[in-house]
Amino acid sequence: MRISIYIFLSFVFFGSKAQQVDSVDFLKSQVDITVNAKTKTVAGTVKYTFKILQPSTSIFIDAQKMQIKSVTLDGKKTNFDYNDKRIVVTSDFKADADHSVVIEYAASPKKALYFVKDYQGKDQVWTQGQGKYTSNWLPSFDDMNEKVEFDLTVEYSKGFEVIANGKLLKTETVNDSIQRWQYDMQHPMSSYLLALAIGKYEKVVETSASGIPLEMYYYPADKNKFESTYKHSKKIFDFLESEIGFSFPWQNYKQIPVKDFLYAGMENTGATIFSDAFVVDETAYIDRNYINVNAHELAHQWFGDLVTETEGKHHWLQEGFATYYALLAEKEIFGEDYFLYKLYESAEQLTALSKTSNATSLLDPKASSLTFYQRGAWAIHALRNLIGDTSFKITTHNFLENYKFKNAKTDDFIAVASAVSGKDLSEYKKIWLENVQFPSQEALDILTKSEFIKKYLSLAQERTQPMAGKWSILAKALDFPTNDYLGQEVIYQLEGKTSPEAIALYDKAFASNNIFVRQSIASTLSTIPIDLKEEYESLLQDSSYATIEPALYHLWASFPENRKEYLEATKEIIGFSDYNVRVLWLVLAVSTQDYQTDKHQKFFNELSGYTSPKYHFSVRENAFSYLESLQAFSDQSLTDLVDGATHHNWRFRNSCRKILDKLLKDEKYKKKYVVLLDSLPKNQQDLLQKKLTP
């Protein structure tokens, strides 16, 4: 009888897609856990209080491949069924009755909770719930429609910072080596927004205009990068709270950089975790700053965290709004031309996407990121243009007010917009949300209300014209002060040409001292005419790592007689977080026969050393790429490559696997890997053995 009941439960609860939220409302959660970085485990208890909405014979809680030690219902141990995915508790649950369930568990999560080593070799732990499921490290709810107020108490080693959602109520000593952190939330949220970050951090706390504490974390070694990393953070917060017109809904707002993060950032409720690739110095800020990610994840605190989509087809309600409001924040910082050009740029990308087989409507749950993010932003901008600023802001406020701490659909938002504006939005919905084709003409009509866009498009129309017919137009576009986008368009139209007419335009472009115009010269002018040699060399002094990297390579390739001079001028430059300039420099240095030949082995060892797991995966990826082109892998870098091929970051993992597959086609490297096989950890051995086996 027991077996038949279990089979029935498996069918109903383990295989069913029916939403439990229709019959049960989980209200509050008290999480008490211990995190162990050495064993890469988490263990403890979670207590849920819940209300029965409709008579039911069971409840379930998602839990992925855990050890479930006990389940207690209303203070009494109870039987439960578990299939490595869901815990099912059966009882005669009456409508309107309140209950509590306590689960004692232990987990060794393979995803959603990640254990890494920071750049000092210290343990770092962080979560990523969206797309990975928090139920991998905490019995919780994969259904985003189930919103719960989570309070976390975490025990971990002393000397670290433990950061989670909500307000830190207190910390207390457990024993000589363990400390306890207690966090409190006041409002419900979806489980995927639950956050935990542990590491060696310091922080700066500012206060928003509305009184919200803004906690900005950084590594102690990066204190001198704090200002350039978090530049304009308070301004962004104050702007978005005012522009959205709805008070920030959480107790405080934290931002925490972590190593080897899966994405640019993640908008966990009140606690954004972001890639430490955005921890930048003053020079890197020019090209790879945190501004957009900062504003995007903050906007999600309203659109995604406060009001959450009901399902994937409404994903634009989160990503489109976050993208649009981030653009508005950037407009405040970088100006209207920036804002309009970004809209134009995304319209071009979306138009191109419309011509492919990958084109989908905005309401397709399988739509691309470009569609959800950029087309979503365009749909919002178009709606604002249609109903006007006042109606748009009232719509936004009313939508957030009506659905706060709940879930919403596209039709819910459209209904609010229609009620506020008094307009029939059925045609808008068809054009911007339902059509597969991006409405390019409608987007163009909106854009060309701007004089800047008219000037840009007029200049872009000259692309097919001969130089003689457009020279004066291009020259005028470079007049001081040169517009960033008009100036770059001129350089792209020159296409690396070296005629006297083109060189005259390059001279004017160099003289503009516009950093982005000069950057475009570095990127596109690969064969440098002698007439521009001196001006081109000045690019090595620009405050832009995106300029210095291509300029160094192109100069090194074009003027062999000056290679030592160029290497000397750039030998102290590291570059972005991926060490773009330094890694290139090392490759060029070992490839320059008469430059410090006694140090070539040292240079190669440094290059090879950057494949080590102690570096950010982007540094490792750069090093692997260059070593592949040099066909010069050491045994250690070969070992590091297999480590990379099992990395938790899928983009890096895939790039390593591609290189590994190529190397294994070479008998020399195949033999080396056979020798190295037994020295690898079990998971790496398994991968390599599989690839070595015909």
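**Exercise 1. Classify the relative orientation of helix 9 and helix 10, then describe the contact of helix 9 with helix 10 by class.**

Solution. Helix 9 and helix 10 are oblique to each other. The steps below give the basis, in a model that is predicted.

Step 1. Take the axes of helix 9 (residues 389-403) and helix 10 (residues 410-421): they come within 9 Å and cross at roughly 135°.

Step 2. Compare the angle with the classes.

Step 3. Assign the hand. The crossing in which helix 9 passes helix 10 is right-handed.

Step 4. List the partners. On the helix 9 side, Ser391, Ile394, Thr395, Asn398, Phe399, Asn402 and Tyr403 take part; they meet Asp412, Phe413, Val416, Ala417, Val420 and Ser421 of helix 10.

Step 5. Sort by class. The contact of helix 9 with helix 10 has 7 nonpolar, 5 polar and 1 charged residues.

**Exercise 2. State how many cavities of 30 Å³ or more the structure holds, and describe the lining of the largest cavity and of the second largest cavity.**

Solution. 

Step 1. Count. There are 2 cavities of 30 Å³ or more.

Step 2. Take the largest cavity, which holds about 40 Å³ of space. Its lining consists of Leu350, Leu353, Ser354, Ala359, Thr360, Thr371, Arg375, Val436 and Phe438. Helix 7 (336-354) and helix 8 (369-387) are the elements that give two or more residues to this lining, and the largest share, 3 residues, comes from helix 7. By class, the lining divides into 5 nonpolar, 3 polar and 1 charged.

Step 3. Take the second largest cavity, with a volume of about 30 Å³. Leu214, Ser233, Phe237, Tyr253, Gln255, Asn294 and Leu298 line this cavity. Two or more residues each come from helix 3 (233-244), strand 19 (253-258) and helix 5 (291-299). The lining has 4 nonpolar, 3 polar and no charged residues.

**Exercise 3. For the second largest pocket, find the volume and the make-up of the lining by class.**

Solution. 

Step 1. The volume of the second largest pocket is about 940 Å³.

Step 2. The pocket is lined by 26 residues, and the closest to its centre are Lys40, Phe115, Thr646, His647 and His648.

Step 3. Strand 9 (113-117) and helix 27 (682-692) are the elements that give two or more residues to the lining. The largest share, 5 residues, comes from strand 9.

Step 4. By class, the lining of the second largest pocket divides into 8 nonpolar, 6 polar and 12 charged residues.

Note on methods
Residues numbered from 1 in each chain as written. Predicted model: local features only at pLDDT ≥ 70, side-chain atom pairs only at ≥ 80, totals over all residues. Heavy atoms only, no water. 1 Å grid on protein atoms, 1.4 Å probe; cavity = no way out; pocket = protein on both sides within 12 Å on 5 of 7 lines; lining within 4 Å. Points joined across faces, edges and corners; volume = space filled by probe spheres on them. Helix = DSSP H or I, 4+ residues; strand = E, 2+ residues; numbered from the N terminus. Nonpolar A, V, L, I, M, F, W, Y, C, P; charged D, E, K, R; others polar. Axes fitted to C-alpha atoms, helices over the stretch in contact; angles between N-to-C directions. Parallel < 35°, antiparallel > 145°, perpendicular 65-115°, else oblique. Left-handed = near helix turned anticlockwise from the far one by under 90°. Contact = heavy atoms within 4.5 Å.
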